[in-house]
Each structure stands twice: as structure tokens, then as C-alpha cells.
Amino acid sequence: MEISQPLLLASLLLPFTWLLLRHLSASRRENATNSHGRRIPTPPALPVLGHLHLLKKPLHRCLAALASRYGDGGGLLHLKFGAKPVVLVTSPAVVDECFTVHDAALADRPGLASRRMLTEDCPAISIANYGPFWRQLRRLATVHALCTYRLAGTAAVRDAEARAMAARLCRAGPGAAVSIKAAAFEFAVNVIMTMVAGERMPEEKVLRFKELTEAGSAAIGAANRQDYLPALRLLDLGRTARRLAAIAKARRQFSQSLVDDYRRRHPNGASEIETPRTVIGDLLRQQQEVSPEPLDDVVVRTVCLSLLQAGTDTSSSTIEWAMALLLNNPDVLKKAVDEIHSTVGTSRLLQESNLGNLPYLRCIITETLRLYPLGPNLIPHEASRDCVIAGHAVVRGTMVLVDAYSMQRDPNMWKDPEKFLPERFMDENPDGGRRWMMPFGMGRRRCPGEGLALRTMGMALGIMLQCFEWEREKEVDMSEGSGITMPMAVPLVAVCRPCARMQSLLKTI
């Protein structure tokens, strides 16, 4: 059947006409709402596209440049991603207002198409909509994994996995080139996997899970144009919908396999008291109990997958950035190694109980998080109702991004902000420029896994420095890549040699 040219032209123009009318309608609504507050500064926009044509990679640097050029110093910049209104927050004072006064109003997550497709039937705590289900997931994760009591009870797991990581690095051979993120990722995933399911993850499964995590993070980035241009979703030129469906299916199958494998290992049920306890075991026992709160497999696997995904890529990326900074600053590296050897010695491996006596190591991690935060723009928030922030009207449905990256490098707040100076966080250095930071977010959507992350990063970095000498062939490229967790543009590979003072001990592990 032939299609006439006018009909074909009309079918092509219809989606763009609809988008243009939607854009004009949204603009009228914003203008009406803004009559109750000052207008937020904004760059010139295009019809339909809004400011999407201005977005470049990496997104956090692009947004910071736009705020510097078009902002008026009030701490807010208004953008349009297609028809989606976006507010970029660039001032600590405004951030504090957002996540105190307006914390509940900004606690939701954007209902983007890619996220709905990716998390269908297996959501994640960090990107779940604000409401009863999110509160249930967060409470279960905190009670069964992330509270102080459970973290203290799983310290032996992190000690054992640190020992296993040291053994793997030894087997690589002296002078081997080591991918820092790969080594840190395997350590982190096995720490959390043992807490969740009571067993380590096979190496081939670690690689598969790493690919799954990275693919999911790339698919739901804030600059995914198909989320904001329905016509692109309809055309689906890059087969994004098919790719998202495949990732969603893989996430669901992977997380359900954790639950099913646990049931196979415990054929008599999960009523027995485990030693040590695991997250799945606790949740399955609770599932068997009479409770007014439903606890089906969707909830169980969501909690487990959320812990694994949130605690692996972020921690391993920070460890990689920290090692890169240390290799480019050998004086800081030597000071950190000396602290560990003088406090822990060379006759035994560092344990988690020693971390409290290693203040300089903690300062290195904190300074790394300042320079390279876990999420340079945090996870996007969304306004669930109209509100007035810093005297400016923000309409319901607006996406809120926070420029944590720039604020943590603000020369008005930090002394020598671009320099790697762990000493600025030492208690005896009050003039070091210690100021406002939010690497784990703020308010009720603040990351509940901060305690676990700091312990995991401390143990991995501490064991790497205690047991091995690290070298670089040339100055490490500190360019930032694109992604929610801001990976290194050039993955760090360093030469690893067992420390001479630790040789006898390393032969025994």
C-alpha cells in the first residue's frame, strides 16, 4: 500500500508540532508560577530542544560552565532539557535550604522513561520514588546491613576480603601492571556479596555484574536525550528501548538468582539462626513471619541488588581516584605508608579496628571525595510540588541538580582548592580551608551507606599501601569521564610490587 507524500509529511511533522505546543504550554505555566517569585536566570533556549544542544561531556563540567556564564550569583540556574524544566543549584546556602526547608518537596526522583524501563519490577533504593515503598526499602537496608550494629558485626568480612585481595595482588607477580579499579571492584563486590548472601562471588560473575552495573549507570544519565525528546523514543534509532529492556531483564534475573541460590543452599528454610547473619537470611525469615508489611521476593531482591550496585562502583571509583592522586603526589603517598607501618607494623595485616588510629588515611579519603565526589551532580531530585527557593519559583515536576563538584572546589570556600592536601582535614590544622562538603548527599535522600563506604574504602586503600609499592610510568591522567559516578577518563593501571618489609608475611597468605 502506497502512502501519499502529504500524509507522510504530516506523520513526520506531527510529533514535532506536538512537542512545540507542549514546550509553549510549559513555558506559559512557568511564567504564571514565576509571578509569585523572581525569575531564575537562564541561557537562551531553542524550541523543543530547550538547552539540550548546549550539553557536552562530561556533563558536570558543562553545567558548571553554563552556571558561570549565565548565572547571576544567586545560586540557581534554570535550564530546559526538552520540555523538562531543570534547576541547577550552585550555592551551599541554597543547597542547605533545599534539603532542610524543602527537603520533603524535593525528595522525589525524576520519572524518566529510561529509569522506568530499567527498574521495572526491580527498582533501586537510590532512584525509587519517594513514598512508602522507598521508606520500606531504606529501612530494611539500614536495619539488616548499614546500621552501626550490623557494620560492627561484619567487620571480619572486610578483614577477610582485604586479605584475599592482597593474595590476588601477590599472585599477579612482582612488577605486574594492575588495574586499580578492577582490583577495588572485586574487593568491594565480595565484601557486600558476603554480607548479603554469605558467600563470595565467582570471578566470572564479578565481571558480568560489573558490566551490568556500568551499562545501567550509562543508560540512566541525566543527559540521556531520549528521556526528554519523545520523538527520539518513538524512532528509537539507537535501539535504546531494546537495550534498556535487556539490562532490566538481566538485573531482575541476577538479583532473583541471589535469592534462589540462597534457598537452594538452605533447603530447610531460613528459620535457622545463621552465624554470621546475612541480609537475605534475615529478609527471608521475615518473609515467613506474619507481618502487616508485605515482603515478597521483589522487595528482597531489590534490597540486595541496591546494596551491591550502590556500594561497588562508587567505592571502587573513589579508591581509583585516591590511588591516582597518591601516585601524582609521592610525598603524600610516603606519609600515608609511614603512618600505616608505624601504627599497624609489618608483622600483621591491617584490620578494620585499626582505621580509627589512621587519621591521615581518613584525610586522604575525605580529600579525594572533595575533589572527586561520588556523584558530581548527585542523583537528580524532582520537585513534587511548587515551591519558592531562595526567592525563586520552582514549579512542580522540575528536576533539581546540585553542582557539588564545583562547590567543593570553590576558591571562596577552600584554600588552594585544586590541590590535593589531605592535611586540610587534620584536626590540628584549623586554617587548612575545611569547609562545606556533601559527597553523600543531604536530607532524607542522603546515602545511607556512608559508614559502609568509608570502611570499605579505608580497608582497600590501607591494604594496598601497607603491602605493596606502587609506581607509575608517567604522570597519571586525571581527566574525568562521563557518568553518574564520574569515572576516570583513562582507567588507572599501576605497577605493583610487594613491599620489602612485608615479604615474609605476604608469603603466608
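1. Is Asp261 buried, partly exposed or exposed? With a relative accessible area of 22%, Asp261 is partly exposed (buried means under 20% relative accessible area, exposed over 50%, partly exposed in between, with a 1.4 Å probe and protein chains only).

2. Before going further, some housekeeping. This is a predicted model, in which local features need pLDDT of at least 70 and side-chain atom pairs count only at pLDDT 80 or more, while totals for chains, interfaces and linings use all residues. Residues are numbered from 1 along each chain as its sequence is written, and side-chain values use heavy atoms, leaving out hydrogens and water.

3. Asp261 pairs with Arg264 in a salt bridge, 2.1 Å from N to O (a side-chain nitrogen of Lys or Arg within 4 Å of a carboxyl oxygen of Asp or Glu). The two sit 3 residues apart in helix 11 (residues 240-265), about one helical turn; helices (H or I, at least four residues) are DSSP runs, numbered from the N terminus. Arg264 is exposed, at 59%.

4. Do look at Glu352 and Arg455, whose closest N and O atoms are 3.3 Å apart in a salt bridge. Glu352 lies in the loop between helix 14 (330-343) and helix 15 (359-371) and Arg455 in helix 17 (residues 450-467), so the pair ties together parts 103 residues apart in sequence. Glu352 is buried at 11% relative accessibility, and Arg455 is partly exposed at 25%.

5. Glu418 and Arg409 also form a salt bridge, at 2.5 Å from N to O. Here Glu418 is exposed at 53% relative accessibility, whereas Arg409 is buried at 9%.

6. Finally, the count comes to 24 salt bridges.
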